[in-house]
Amino acid sequence: MEKSAYHLAQLNVARMLGPLDSLVMKEFADGLEPINALADSSPGFVWRLKDEGNETAATSYRPFDDDMIIVNMSVWEDLESLKSFVFNTDHKEFLKNRKQWFSRIKEAYAVMWWVPQGHLPDIAEAIARLKYLRKKGESEMAFSFRKVFDAPG
């Protein structure tokens, strides 16, 4: 199978039930380092957003008006690699327990899109994709696991 000239970028956002250093968020915060290390070592992993000077997480970014919303952004070689990490590793326990740490967001909170190999998206690009998905629905520009679009070409 020929390698694609594109990689898969993803952004997900979550609204914390309390500050990151609060008791309600302790289990989540304690799990960030091992889960992110797992991502970093997963097959197909390319890159993830990190705080400046912090190799563990990207929890200082607050690009929304609501300071309780945190972001996670990464790039993967392909959809299968991202799905494998999200659903077939210890990360799935984080997904199962998310209601303990995060309030429900009624609109889309995760978005994926294809980027040319070598391109690392910034937060503004990622948020624009999320807003596009929320406003116009799933398309080649912005999609979710519910309706995946193939890489260009």
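These notebook entries record what I looked up in a predicted model.

**Entry 1. Ground rules**

I number residues from 1 along each chain as its sequence is written, and for side-chain values I use heavy atoms, leaving out hydrogens and water.

**Entry 2. The largest pocket**

I looked up the largest pocket and noted a volume of about 1300 Å³. The centre of this pocket has N12, V13, L95, R98 and Y109 as the closest of its 47 lining residues. A pocket here is an open set of points on a 1 Å grid over the protein atoms alone, where a 1.4 Å probe fits, with protein on both sides within 12 Å along at least five of seven lines; a lining residue has an atom within 4 Å of a point. The volume is the space filled by probe spheres set on the points, which are joined across faces, edges and corners.

Which element gives the most to the lining of the largest pocket? I found that strand 1 does, with six residues. Among the elements that each supply at least two lining residues are helix 1 (26-40), helix 2 (79-88) and strand 5 (110-116). Helices (H or I, at least four residues) and strands (E, at least two) are DSSP runs, numbered from the N terminus.

By residue class, I recorded 30 nonpolar, nine polar and eight charged residues in the lining. Nonpolar covers Ala, Val, Leu, Ile, Met, Phe, Trp, Tyr, Cys and Pro, charged covers Asp, Glu, Lys and Arg, and polar covers the others, Gly among them.

**Entry 3. Salt bridges**

I next turned to salt bridges (a side-chain nitrogen of Lys or Arg within 4 Å of a carboxyl oxygen of Asp or Glu). The count comes to six.

R15 pairs with D66, with the closest N and O atoms 2.5 Å apart. Since R15 lies in strand 1 and D66 in the loop between strand 2 (45-48) and strand 3, this pair ties together parts that are 51 residues apart in sequence. R15 is partly exposed at 31% relative accessibility, and D66 is partly exposed at 24%. I use buried for under 20% relative accessible area, exposed for over 50% and partly exposed for values in between (1.4 Å probe, protein chains only).

K26 and D30 form another salt bridge, at 2.7 Å between the closest N and O atoms. Both residues lie in helix 1, four residues apart, about one turn of the helix. E93 and K96 meet at 3.3 Å, N to O, and both lie in helix 3, three residues apart. K96 is exposed at 62%, whereas E93 is partly exposed at 33%.

**Entry 4. Single residues**

I checked L23, which sits in the loop between strand 1 and helix 1. L23 is exposed, with a relative accessible area of 74%. L23 and W101 are 78 residues apart in sequence and 9.9 Å apart in space, C-alpha to C-alpha.

Is I69 buried or exposed? I69, in strand 3, counts as buried because its relative accessibility is 14%.

Note on methods:
This is a predicted model: local features need pLDDT of at least 70, side-chain atom pairs count only at pLDDT 80 or more; totals for chains, interfaces and linings use all residues.
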